[in-house]
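Have the sequence and the 3D view ready as you read.

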Amino acid sequence: MIRGELEGLSADTLGGFCDRYLARIEAAGDLAPSTIRGYRDARRRIPAKLNARKLASLKPRDFESYYAEMLERLSPVTVTNSHRFLHLVLERAAETGEIARNPVAKVRPASGAKKRRRAVSLDFDFDFADGEGEIETIPRRQVLELVESFETPPGLCRRNPMLHALFFTAFATGMRRGELLALTWRELDFDRGELPVRRAICWPYGGERPIVKVPTTTH
C-alpha cells in the first residue's frame, strides 16, 4: 500500500475492503505464500481513484475502463490476474451483503492468444515464445553449452557436478526453482525412473528465511 495515496480508506471503499479481505485470508493461512504475494501485487495495481470509490457505487464499466488502461502498458496475463483478484474480493463483498451483486462478474478482460501445451524434447529448440512476449526461453544450443560448461572446463563455469545436475534437471524437467532446491536423494527412484515433486522451498511474503511446503496441487 502507498501511504498518503491510500490512507483514510474506509471499509466500504474498494481499497478498504481489499485490505480487509487480504488481512482475513492471510490470517487464515490456507493459501501458499506465492498466492498471497500475487494478490498483494494485484492490490497495489489498483489506482487511487478506484480505491476511493464506495463499493455500492461500482459499475462494470468502471472495471472495463480500468482493464483497458492496464492493457496499454501491461500484459494480458497481468490484467487477467488483477481481474481474478477483484472478482474474489467483490464476490466476498456480495456474499457478506456489502453490495447487491458482484460488478465484475460479467466483465471479461481482453486476453492474449491461447497458449498451447508444448512437449519438451532435447531434439528441438527450447523456444516457446508465444508472440506476446510472455515466455522467452533459452535456445537448445545455449542450454547444452551451459550444462556442459559445468563438467568441461574452461567453459562458462568451473567444474561443479552439483550445479551440472541441478541445471540439467531444471532444463530436462521444467521443475521450478523451489522444487529443485527441495529435492532429496530418497525421492529419486532409479528402478522406476521417476523423480516425484513432493515439496518445495519458498520465501514467504515479507520473510527473510525460506520455508518448506507441499505442492499447492497434485499437478
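## Helix H2 and its buried side

In helix H2, the residues Pro33, Ile36, Tyr39, Ala42 and Arg43 are buried (under 20% relative accessible area with a 1.4 Å probe, protein chains only). Helices here are DSSP runs of H or I with at least four residues, and strands are E runs of at least two, numbered from the N terminus. An α-helix has 3.6 residues a turn, so residues three or four places apart point the same way.

This is a predicted model, in which local features need pLDDT of at least 70 and side-chain atom pairs count only at pLDDT 80 or more, while totals for chains, interfaces and linings use all residues. Residues are numbered from 1 along each chain as its sequence is written, and side-chain values use heavy atoms, leaving out hydrogens and water.

## What H2 packs against

The buried residues of H2 pack against helices H1 (14-28), H3 (48-51) and H5 (76-95), and also against strands S1 (200-202) and S2 (211-213). H1 and H2 pack at an angle of about 170°, with their axes 11 Å apart (axes are lines fitted to C-alpha atoms, for helices over the stretch in contact, and angles run from 0 to 180 degrees between N-to-C directions). H1 is therefore roughly antiparallel to H2 (an angle over 145 degrees).

On the H1 side, Gly15, Cys18, Asp19, Leu22, Ile25 and Glu26 meet Ile36, Tyr39, Arg40 and Arg43 of H2 (heavy atoms within 4.5 Å).

## Another pair: H6 and H7

The axes of H6 (residues 140-149) and H7 (residues 161-173) come within 8 Å and cross at roughly 160°. These two helices are therefore roughly antiparallel to each other. Val143, Leu146 and Val147 in H6 meet His164, Phe167, Phe168 and Phe171 in H7.

Notes:
Parallel < 35°, antiparallel > 145°, perpendicular 65-115°, else oblique. Buried < 20%, exposed > 50% of the residue type's maximum accessible area, 1.4 Å probe, protein only.
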